[in-house]
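Subject: Structure handover and notes

Hello,

Here is the structure you asked about. Please open it next to this message; my notes follow.

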Amino acid sequence: MIADMQRPKICLCLTGNTLAEDLAILNTYRKWIDMAELRVDYLEKDERLQIRHFPAMAGLPCILTIRRKIDGGQFLEGEASRTMLFARGLAFAEQDTRKNFAYIDFEEDFHVPSLQDAALAFETRIIRSAHDMENPVYNICERLAKMRTTGFEIPKLACMPHSLSDVTHMFAEAASLADSEHILCAMGPLGLPSRILAGRLHSFLTYTSPKEPTGGMQQIGHIDPVTLNEIYNFRAIDANTKLYGITGYPLAATDSPRIHNEGYRKHGMNAAYVPVRAATVSEALEFAAETGIQGLSVTIPHKEKVLEYLPQVSAEVGEIDACNTIVRTESDWFGYNTDAYGLSRAVCDFMNVKNLAHCKVAIIGSGGAAKAAAFAVKQLRGKACIFNRTVSKAKQIAENFNFKWAPLGPESADLLEKYSDLIIQTTPKGMGAAPPATEQNDPIFFYDFKGYEAVYDVVYVPEITPVMARAKAAGCKVSNGHTMLEYQAYKQFELFTGAEY
């Protein structure tokens, strides 16, 4: 746990082409930020001549940054020109220091004594930064110590992790840095926890960018200030905050943080739920151990693999042979499955029924969601056929629940029609894909909808998947998986916190 300290500041990175554009962006996000970084390297050349006036225009603490291309920036004109721009930004300092740049970012190899002296004289703090845009950094404490040449500087280290283990290493090293002023950041999608949990890194600030895709900052892992505050409860995270999260890979899109974090706010709980992208289950558990995460939602592709790491599981997990929820106990992790519960509730709502008696159901896929679907259909007294490309996997699930099974292809079109009262699509196909339907994004591309089928797709991004669009056009009743997500998340929330959502 982190020692008592001030909450990390939220810094908005401004990458507009003009100062007016940057000011407009700043005003849009003002209520959600503490300071702003003016990225002069993105400004038009004429605009760069006016940077001295920006702190007074902004009305909050500003960082002056002119980032070189080699460090992930846009500045190409050489060090002499950059030195002159830095000087212009510091020149003619105001007695009212609020109208001066509060911070200036110099790379660890950029040492110009006159600029450093000017910054010191004008009470402008120096951020001494190092960036590795391609690789992780392992000797973090040593690197920060070398950059901290005076007590006046704030060392900053940003790097690109290759795995979640690299991010875990950053948190482990930061544990010994509670009494120092520094900035730490792991870039890219894997590094998102380092931005949300900047306090656990004892980081002086966390960087954000506008939601609108400007400057390419999203590519290095920036999120917008509204999301940081409204979705992740950033300003409420402190040393006593209980942590939960969701793990999977690539975990490109998930609405679970919004649902869980809204629940914590509703109940007045000091808790936060964060995405933990992990290529392996072991990496996710390693990160959870380092950061003190108490519970994890488990999604594709880890729902079955996670079983190897669980000494205890619920009866549902034993029957389904897949787990989507793990909760830390005093000694280890305990596994649950809330997918079946969520799907049962969602499907009954969708079909406006209390059970699936006399209903023939086609279950598409053979992963953890398909197993949960089979369990749910059995509990709801329905009959089902499992359709999957790897027939042996479909057969295994079907035999566990006394259902039929078939290959997923044109040869099964007639059988699929017989089991089309309800079609439950459980594969990742269609995730993030837009219509029209193709063989690549529609798992039952070969099937001609008649118009009387009901189609429930567990995918919920996009809102209308290609197979849903095709079914809807034929007159079918359709739904995405967001209702399932909500119901299973409510049950997870109860398992995590002991309180009903």
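Which residue forms a salt bridge with Lys303, and how far apart are the closest N and O atoms? The partner is Asp339, and the closest N and O atoms are 2.6 Å apart. A salt bridge here is a side-chain nitrogen of Lys or Arg within 4 Å of a carboxyl oxygen of Asp or Glu. The pair links distant parts of the chain, 36 residues apart. Lys303 sits in the loop between strand S11 (293–298) and strand S12 (312–313), and Asp339 in helix H12 (residues 339–351). Both residues are buried. Buried means under 20% relative accessible area, exposed over 50%, and partly exposed in between (1.4 Å probe, protein chains only).

Before the rest, some ground rules. This is a predicted model, in which local features need pLDDT of at least 70 and side-chain atom pairs count only at pLDDT 80 or more, while totals for chains, interfaces and linings use all residues. Residues are numbered from 1 along each chain as its sequence is written, and side-chain values use heavy atoms, with hydrogens and water left out.

**Overall**

The protein has 501 residues, and 55% of them count as buried. Its secondary structure comes to 17 helices and 20 strands. Helices (H or I, at least four residues) and strands (E, at least two) are DSSP runs, numbered from the N terminus. The C-alpha trace spans about 80 × 50 × 35 Å along its principal axes. Take contacts between residues at least 6 apart in sequence: 68% of them join residues at least 24 apart. Contact means heavy atoms within 4.5 Å.

UniProt, in an unreviewed entry, places "domain: Shikimate dehydrogenase substrate binding N-terminal" at residues 246–326. UniProt positions are in the numbering used here, feature names are shortened, and annotations may be inferred rather than shown by experiment. Over that stretch, residues 246–326, the chain is 36% helix and 25% strand. The end C-alpha atoms of the stretch are 10 Å apart.

Side chains of opposite charge can pair when their charged atoms come close.

- Arg125 and Glu181 meet at 2.8 Å, N to O. Arg125 lies in strand S5 and Glu181 in the loop between H6 and S7, so the pair ties together parts that are 56 residues apart in sequence. Glu181 is partly exposed, at 32% relative accessibility.
- Arg258 pairs with Glu262, with the closest N and O atoms 3.3 Å apart. Both lie in helix H9 (residues 256–267), four residues apart, about one turn of the helix. Arg258 is partly exposed at 23%, and Glu262 is partly exposed at 34%.

**Helix H12**

Back to the helix that holds Asp339. The buried residues of H12 include Asp339, Leu343, Val347 and Phe350. Among the elements that cover the buried residues are helix H11 (315–320), helix H13 (368–379) and helix H17 (482–497). Just after H12, Asn352 takes a positive phi of about 55°.

**Helix H5**

Which residues of helix H5 (residues 140–147) are buried? They are Ile140, Leu144 and Met147. Seen down the axis of H5, these buried residues fall within an arc of 65°, so they line one face of the helix. The arc is that of the directions from the helix axis to the C-beta atoms. Their cover includes strand S5 (125–132), strand S6 (153–159), helix H6 (164–174) and strand S7 (183–186).

**Two buried polar residues to look at**

Asn388 is in strand S16 (residues 383–388). Asn388 counts as buried, at 9% relative accessibility. Its side chain makes a polar contact with the side chain of Ser366 (3.1 Å). A polar contact is a pair of N or O atoms within 3.5 Å; within protein, one must be able to donate a hydrogen and the other to accept it, and residues adjacent in sequence count only if both atoms are side-chain atoms.

Arg200 is in the loop between helix H7 (192–196) and strand S8 (205–208). Arg200 counts as buried, at 8% relative accessibility. A polar atom of its side chain lies 3.4 Å from the backbone oxygen of Thr291.

Best wishes
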